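I wanted to go through this protein one feature at a time and write down what I looked up.

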Amino acid sequence: MANDRNVLGGDLEPCGTDPVTGFYRDGCCNSGPDDLGNHTVCAVVSREFLEHQVEAGNDLVTPRPEYGFPGLEPGDRWCVCAARWQEAFEAGVAPPVVLAATHARALEIIELDDLRRHAVDVPADPSSLA
């Protein structure tokens, strides 16, 4: 996974360690063939997004200690499934994203322009946001 790239073409940066996120629970939105859910979008979860996910049957709020999952609160960074982010985007409740920590595989489902409009990070070369 050392060659994982972000949606801007750069090295994939860490997403979050409090709580520890990522399909592989390494703090990054790395992806591989066993990540069938495409957990590649580094989102800064919002209350609206979390509520939407609960309504959609994807409860990210309730702690699940048996899986080492603490439950999320608004402001947490979490590697969300690209399809779930896209659903939230279409519903008008997409959370902000950290582009430098969002895996390029997210682009299989989400348009880069949609991610850019929700970006909360400023890359080393801000012209890539234009």
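The entries below follow the order in which I looked things up.

**Ground rules**

I am working from a predicted model, in which local features need pLDDT of at least 70, side-chain atom pairs count only at pLDDT 80 or more, and totals for chains, interfaces and linings use all residues. Residues are numbered from 1 along each chain as its sequence is written, and side-chain values use heavy atoms, with hydrogens and water left out.

**Disulfides**

I began with the cysteines. A disulfide is a covalent bond between the sulfur atoms of two cysteines. I called a pair a disulfide when the two cysteine sulfur atoms were within 2.5 Å. By this rule I count two disulfides.

One joins C15 to C42, with the sulfur atoms 2.1 Å apart. I found C15 in the segment before β1 and C42 in strand β1, 27 residues apart, so this link spans distant parts of the chain. The C15 and C42 link is right-handed, with 85° about the S-S bond. I noted both C15 and C42 as buried. Here buried means under 20% relative accessible area, exposed means over 50%, and partly exposed lies in between, with a 1.4 Å probe and protein chains only.

The other disulfide joins C29 to C79, and its sulfur atoms are also listed at 2.1 Å apart. Its torsion about the S-S bond is about -95°, so I wrote it down as left-handed. C29 sits in the segment before β1 and C79 in strand β2, so the pair ties together parts that are 50 residues apart in sequence. Both C29 and C79 are buried. Numbering the bonded cysteines of the protein chain in sequence order, I get the pairing 1-3, 2-4.

**Cysteines without a partner**

I then checked C28, which is in no disulfide; the nearest cysteine sulfur, that of C79, is 7.4 Å away. C28 counts as buried because its relative accessible area is 15%. For C81, the closest cysteine sulfur is in C79, 9.9 Å away, which is too far for a bond. C81 is buried too, at 17% relative accessibility.

**Core**

How many residues does the largest nonpolar core have? I find 20 residues, and V41, W85 and L115 have the most contacts inside it. I took a nonpolar core as a set of buried Ala, Val, Leu, Ile, Met, Phe, Trp, Tyr and Cys residues joined through side-chain atoms within 4.5 Å. At least two residues of this core come from each of β1 (39-44), α1 (47-55), β2 (77-81) and α2. The largest share, three residues, is from α2. Apart from this core lies another, of seven residues, including C15, V44, C79 and V98.

I listed the contacts of L115, with contact meaning heavy atoms within 4.5 Å. Leaving out residues up to four places away in sequence, L115 touches V7, V41, W85, V97, L99, T102, L107 and I110.

**V97**

Next I looked at V97, in the loop between α2 (82-90) and α3 (112-117). V97 is buried, because its relative accessibility is 0%. Beyond four places in sequence, the residues that V97 touches include V41, C42, W85, L115 and D121. V97 and D121 are 24 residues apart in sequence, yet 7.7 Å apart in space from C-alpha to C-alpha.

**Backbone**

I logged a cis peptide bond from D18 to P19, with omega near 5°. P19 is in the segment before β1.

R25 is not a glycine but has a positive phi, near 50°. This residue, R25, also lies in the segment before β1, and R25 is partly exposed, with a relative accessible area of 40%.

N38, likewise not a glycine, has a positive phi of about 55°. N38 is placed in the segment before β1 and is buried, at 4% relative accessibility.

Note on methods. Helix = DSSP H or I, 4+ residues; strand = E, 2+ residues; numbered from the N terminus.
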